Amino acid sequence: MSCIDHRDFCVANGETFLLSVHWGTDTYTSIPITGITQAAPVVVTAVAHGMPDGWQAAIVSAKGMTQINATRYPPQGKDWHRGTVLSPDTIQFNDTNSADFSAYTSGGY
């Protein structure tokens, strides 16, 4: 394992700096998806998902809207998307426009 022991950054005089650290593991949690919108940005419904706001998630095994699925398992790199929690059951992915994707039909995690 390699670690970054320092990182240079600049904070302008009078500005505020807030460092947010998300600690993760290689253990994946799979929550069943019950809906995905054809919209920009995409909204995913996964009842009682439990995902913290700002964390990353990847979608796998969605039927119909296969364009949204991770290209690898386990997900890597661009398979991950930072989520905005809208409710205990919905997450919005601001970096994903699914308006031109095929319609979601079922399944997925």
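**Exercise 1. Where is Pro74 found?**

Before starting, some ground rules. The model is predicted, and local features need pLDDT of at least 70, side-chain atom pairs count only at pLDDT 80 or more, while totals for chains, interfaces and linings use all residues. Residues are numbered from 1 along each chain as its sequence is written, and side-chain values use heavy atoms, with hydrogens and water left out.

*Step 1.* Pro74 sits in the loop between strand 3 and strand 4. Strands here are DSSP runs of E with at least two residues, and helices are runs of H or I with at least four; both are numbered from the N terminus.

*Step 2.* Ala40 and Pro41 are joined by a cis peptide bond with omega of about 0°, and Pro41 belongs to the loop between strand 1 and strand 2 (42-45).

*Step 3.* Such bonds are worth a look because most peptide bonds are trans, just as most residues other than glycine have a negative phi.

**Exercise 2. Find the aromatic pairs and say how the rings of each are arranged.**

*Step 1.* Recall that a pair of aromatic rings is described by the distance of the centres and the angle of the planes. Rings of Phe, Tyr and Trp (its six-membered ring) pair if their centres lie within 6.5 Å; planes under 30 degrees apart are stacked, over 60 edge-to-face, and the rest tilted.

*Step 2.* Searching the whole structure gives 2 aromatic pairs. In one of them, Tyr28 and Tyr73 are tilted, at 6.3 Å centre to centre with 55° between the planes. This pair links distant parts of the chain, 45 residues apart: Tyr28 is in the segment before strand 1 (35-36), and Tyr73 is in the loop between strand 3 (56-57) and strand 4 (81-87).

*Step 3.* Check accessibility, where buried means under 20% relative accessible area, exposed over 50%, and partly exposed in between (1.4 Å probe, protein chains only). Tyr73 is exposed at 58%, whereas Tyr28 is partly exposed at 38%.

*Step 4.* Tyr28 also pairs with Trp80, this time stacked, at 5.9 Å centre to centre and 25° between the planes. Tyr28 lies in the segment before strand 1 and Trp80 in the loop between strand 3 and strand 4, so this pair ties together parts 52 residues apart in sequence. Trp80 is partly exposed, with 24% relative accessibility.

*Step 5.* Put together, Tyr28, Tyr73 and Trp80 make one aromatic cluster.

**Exercise 3. Which residues meet in a salt bridge?**

*Step 1.* Side chains of opposite charge can pair when their charged atoms come close. Look for a side-chain nitrogen of Lys or Arg within 4 Å of a carboxyl oxygen of Asp or Glu.

*Step 2.* That rule gives 1 salt bridge, and its partners are Asp79 and Arg72, at 3.3 Å from N to O.

*Step 3.* Compare the two partners: Asp79 is buried at 6% relative accessibility, while Arg72 is partly exposed at 37%.

**Exercise 4. Find positive phi values in residues other than glycine.**

*Step 1.* Begin with Ala48, whose phi is near 55°. Ala48 lies in the loop between strand 2 and strand 3 and is exposed, at 56% relative accessible area.

*Step 2.* Continue to Ser61, with phi near 65°. Ser61 belongs to the loop between strand 3 and strand 4 and is partly exposed, at 38% relative accessibility.
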